[in-house]
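Welcome, and thanks for taking a look at this one with us. Please have the structure open as you read the briefing below.

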Amino acid sequence: MYAQMVETGVKSVKSTTEMSSEEQAFQARIDAEIKIEPKNWMPEAYRKTLIRQISQHAHSEIVGMLPEGNWVTRAPTLKRKLQLMAKIQDEAGHGLYLYSAMETLGADRDEEVQKMHEGKAKYSSIFNYPTLNWADMGTIGWLVDGAAIVNQVPLQRTSYGPYSRAMIRVCKEESFHQRQGYEILLHLMREGNDAQKEMVQDSINRFWWPVLMMFGPSDAHSPNSAQSMAWKIKRHSNDELRQRFIDQTIPQLQILGCTAPDPDLKFNEETGHWEYGEIDWTEFFEVLKGNGPCNKERVAQRKKAIDEGAWVREAAVAYANKKQQRNAA
Ligand code: FAQ
């Protein structure tokens with residue numbers, strides 16, 4: 001029941017007695033696991049929270065194409081190049097489903113994209129880190145898509161219908177990405193020379209902590225979690241999902257024959273979970289403020305793509321108008 005979740009975050013959640021009758025009926029629908037659809041009544045704050053989360057998620061998919069796009073021309077074989085291009089195209093598709101889901105809430109796509117370009121809307125912190133070697137393409141698939149799946153599998157059951165349905169397809173594709181990424185690393189570790197193996201370890205060392213940050217601030221510092229869990233937008237807390245990811249990833253790391261750059265990592269026999277060291281939250285919040293290694297470059301690249309694509313959009317609109325006029329004649 002939602003009232004039991006109130007402790008989870010730092011923003012308080014309305015009790016049933018503080019709710020209007022409309023809000024009570026809305027919450028009862030959520031508690032009964034009935035999806036909220038675009039035409040149903042919803043509190044304005046629910047709509048705004050969803051627009052915030054879904055738009056950030058969409059921006060992440062679109063900006064997330066850039067670090068991998070950096071390696072398309074340098075993929076080691078034709079097969080790897082084709083796989084990488086297909087993966088990047090999938091991420092574009094995810095961005096488009098998500099923008100469409102967001103539009104069902106009455107938000108305007110151009111306005112939301114503009115907010116991201118002006119630094120007023122966030123996208124996932126992970127995409128502000130550079131991709132320095134080929135193994136990064138494996139690490140992104142394995143760890144970044146892997147973390148995205150752990151976060152997104154519960155979102156398949158999120159309370160808003162269009163978001164939940166978009167997540168079902170996205171998760172299927174992300175699972176494939178995770179496997180192809182892991183296969184790149186396994187191949188380098190099993191068939192590669194010493195330099196190639198070192199490249200894998202170097203890549204894991206750079207991405208490990210930023211990937212753990214993808215799940216968001218710790219529960220004690222997550223302002224949105226309590227309300228989002230009460231509304232069943234989020235099904236699990238940030239720390240819960242981070243722990244789930246670590247527990248499922250360490251055995252895969254061991255199979256690779258690599259290590260994590262965390263001296264405090266140890267298995268707790270009693271709890272059955274891996275314990276991990278302190279995350280550098282100062283770094284996380286700096287990245288969120290726009291001061292990560294690649295923030296400026298990523299936003300500049302997205303703006304340039306939008307500006308340079310203006311003629312394509314104008315031509316498409318002109319063509320659509322011409323076709324409409326012809327049909328009317
Ligand atoms: N980066 O109160 P909370 C992918 C912000 S998709 C940047 O805990 P919430 C696929 C948060 O927005 C990756 N900002 O917030 C792919 C909030 O700021 P606000 C994206 C972050 O929303 C793979 C503030 O901190 N996935 O990788 C981050 O309840 C490979 C306080 O945080 C999604 O977006 C962060 N890591 O929980 C693509 C999944 N964490 O808005 C290409 C959907 C937190 O109040 C290649 N989103 N913040 O100003 C979610 O599940 C949630 O929004 C969380 C954050 C869990 C990310």
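Leaving aside its neighbours within four places in sequence, which residues is Thr139 in contact with? The partners of Thr139 are Val144, Leu185, Ser203, Ile204 and Phe207. Please keep in mind that this is a predicted model. The protein has 13 helices and two strands, and 50% of its 329 residues count as buried.

**Overall picture**

- The radius of gyration of the protein is 21 Å, which agrees with the value near 20 Å that a compact globule of 329 residues would have.
- Taking contacts between residues at least 6 apart in sequence, 77% join residues at least 24 apart.
- About 16,700 Å² of the protein is accessible surface, and carbon and sulfur atoms account for 54% of that area.

**Thr139 in helix H6**

- Thr139 sits in helix H6, which runs over residues 135-155.
- Its relative accessible area is 0%, so Thr139 is buried.

**Ile88 in helix H4**

- Helix H4 covers residues 78-103, and Ile88 is part of it.
- Is Ile88 buried or exposed? Ile88 counts as buried because its relative accessibility is 10%, under the 20% cut-off.
- Beyond the neighbours within four places in sequence, Ile88 is in contact with Met65, Glu68, Gly69 and Val72.
- Pro67 is 21 residues from Ile88 along the chain, and their C-alpha atoms are separated by 9.8 Å.

**Helix H11 and its cover**

- Helix H11 spans residues 281-291, and its buried residues include Trp281, Phe284, Val287 and Gly290.
- Which helices are among those that cover the buried residues of H11? The cover includes helix H8 (194-213), helix H10 (238-256) and helix H12 (295-308).
- At the N-terminal end, H11 is capped by Asp280, with a side-chain oxygen 3.2 Å from the backbone nitrogen of Thr282.

**Asp247 in helix H10**

- Asp247 belongs to helix H10, one of the helices that cover the buried residues of H11.
- With a relative accessible area of 18%, Asp247 is buried, since the cut-off for buried is under 20%.
- Setting aside neighbours within four places in sequence, Asp247 is in contact with Gly272, His273 and Trp274.
- What does the side chain of Asp247 make a polar contact with? The partner is the side chain of His273, at 2.4 Å.
- From C-alpha to C-alpha, Asp247 and Phe284 are 22 Å apart in space, and they are 37 residues apart in sequence.

- Most residues other than glycine have a negative phi.
- Glu33 is not a glycine, yet its phi is positive, at about 65 degrees.
- Glu33 lies in the loop between helix H1 (21-31) and helix H2 (44-63), and its relative accessibility of 43% makes it partly exposed.
- Lys232 is not a glycine either, and its phi is positive at about 55 degrees.
- Where is Lys232 placed? Lys232 is in the loop between helix H9 (225-230) and H10.
- Lys232 has a relative accessibility of 17% and therefore counts as buried, as the cut-off is under 20%.

Key
Residues numbered from 1 in each chain as written. Predicted model: local features only at pLDDT ≥ 70, side-chain atom pairs only at ≥ 80, totals over all residues. Heavy atoms only, no water. Helix = DSSP H or I, 4+ residues; strand = E, 2+ residues; numbered from the N terminus. Rg over C-alpha atoms; globule rule 2.2 N^0.38 Å. Buried < 20%, exposed > 50% of the residue type's maximum accessible area, 1.4 Å probe, protein only. Contact = heavy atoms within 4.5 Å. Areas by Shrake-Rupley, 256 points an atom, 1.4 Å probe, with all protein chains shown as cover. Polar contact = N/O pair within 3.5 Å; in protein donor to acceptor, adjacent residues only side chain to side chain.
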